[in-house]
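Please read this briefing alongside the sequence and the coordinates.

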Amino acid sequence: MLTNLDLDRCPHCNVNQPNLIKASHFQTLSSDQRVRRDWVNYRCLRCGGVVLCEGRTHVQTTSDETFIEYLYPTSSVALDESIPSRAKEYLKQAIDSIVAPSGSIVLAASSVDAMLKNKGYKEGTLYGRIDRAASEHLITKDMADWAHEIRLHSNEERHSDEESELPTEDEATKCIEFALALAEFLFVLPSKVERGRKKILK
């Protein structure tokens, strides 16, 4: 297999055009000795994350070439089509820019803002709309508490001062995780329920 793995983004740190170099290589055989699997680990020089590649070769064929068939983990997060376009685009950009945590956090918060506006919560501050969404049971209190943490982080980024510490990728990841969970709760799950009911009624 290749000495360097060519991916658009690292599945761990999401950096664009990552430098993934071969770290190890070993082979396994099926019990009937007919199929050989090649396993190669590639290490991202930026974050240290490892991508495992699997290739298969039929031992009894004349060709000894092995091609990559599977990657673990997969490279990107698939965003469901049921997520409103503006919120979805903000969330995609937040994921793609996680290597720049300040910008990623602002984009994740903007995605949350767009989701609330889609549900009719357009007036007032983001903090106030989160409270109202919880009091009207659009989201749970626990989700509101979680959302407040994201809102506070994003507020620090928008109105930064010298006393605020720069955010980390871990903090950006937590903001993205909340935005993904909110999208799942508000849009993806209801869409799945609707599709499931339509199948039953057909």
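What follows is an overview of the chain and then notes grouped by topic.

This is a predicted model, in which local features need pLDDT of at least 70, side-chain atom pairs count only at pLDDT 80 or more, and totals for chains, interfaces and linings use all residues. Residues are numbered from 1 along each chain as its sequence is written, and side-chain values use heavy atoms, with hydrogens and water left out. The protein chain holds five helices and five strands, where helices (H or I, at least four residues) and strands (E, at least two) are DSSP runs numbered from the N terminus. Along the sequence these elements follow the pattern β-β-β-β-β-α-α-α-α-α.

**Burial, surface and contacts**

- Of the 202 residues in the protein chain, 36% count as buried; buried means under 20% relative accessible area, exposed over 50%, and partly exposed in between, with a 1.4 Å probe and protein chains only.
- The protein chain exposes about 12,400 Å², of which carbon and sulfur atoms supply 51%; accessible areas come from the Shrake-Rupley method with a 1.4 Å probe, and for residues only the protein chains shown count as cover.
- Among contacts in the protein chain with a separation of 6 or more, 48% are between residues 24 or more positions apart, a contact being heavy atoms within 4.5 Å.

**Strand pairing**

- Strand β1 (residues 4-5) and strand β2 (residues 20-29) run antiparallel and are joined by two bridges, with Asn 4 having Ile 21 as its bridge partner in β2; two strands pair if DSSP finds at least two bridges between them.
- Strand β2 is also joined to strand β3 (residues 35-44), again in antiparallel fashion, by nine bridges, and Leu 29 stands opposite Arg 36 in β3.
- β2 and β3 form a hairpin with five residues between them, and in the turn Gln 33 has a positive phi of about 65°.

**Cysteines**

- The disulfide count comes to zero, a disulfide being a pair of cysteine sulfur atoms within 2.5 Å.
- For Cys 13 the closest cysteine sulfur is that of Cys 47, at 3.7 Å, which is too far for a bond; Cys 13 counts as buried because its relative accessibility is 3%.
- For Cys 44 the closest cysteine sulfur is likewise in Cys 47, at 3.8 Å and too far for a bond, and Cys 44 counts as buried at 1% relative accessibility.

**Residues in the helices**

- Phe 187 is found in helix α5 (residues 169-201) and counts as buried, with 8% relative accessibility.
- Not counting residues up to four places away in sequence, Phe 187 touches Ser 82, Ile 83, Pro 84, Met 115, Asn 118 and Lys 119, and its C-alpha atom is separated by 8.8 Å from that of Asp 80, 107 residues apart along the chain.
- Asp 113 lies in helix α2 (residues 101-118) and counts as buried because its relative accessibility is 16%; leaving aside neighbours within four places in sequence, Asp 113 is in contact with Leu 126 and Arg 129.

**Aromatic pair**

- The structure holds one aromatic pair, formed by Trp 146 and Phe 178, which is edge-to-face at 4.9 Å centre to centre and 75° between the planes.
- This pair links distant parts of the chain, with Trp 146 in helix α4 (residues 141-158) and Phe 178 in helix α5, 32 residues apart.
- Rings of Phe, Tyr and Trp (its six-membered ring) pair if their centres lie within 6.5 Å, and planes under 30 degrees apart count as stacked, over 60 as edge-to-face and the rest as tilted.
- Trp 146 is partly exposed, with a relative accessible area of 32%, whereas Phe 178 is buried, with a relative accessible area of 1%.
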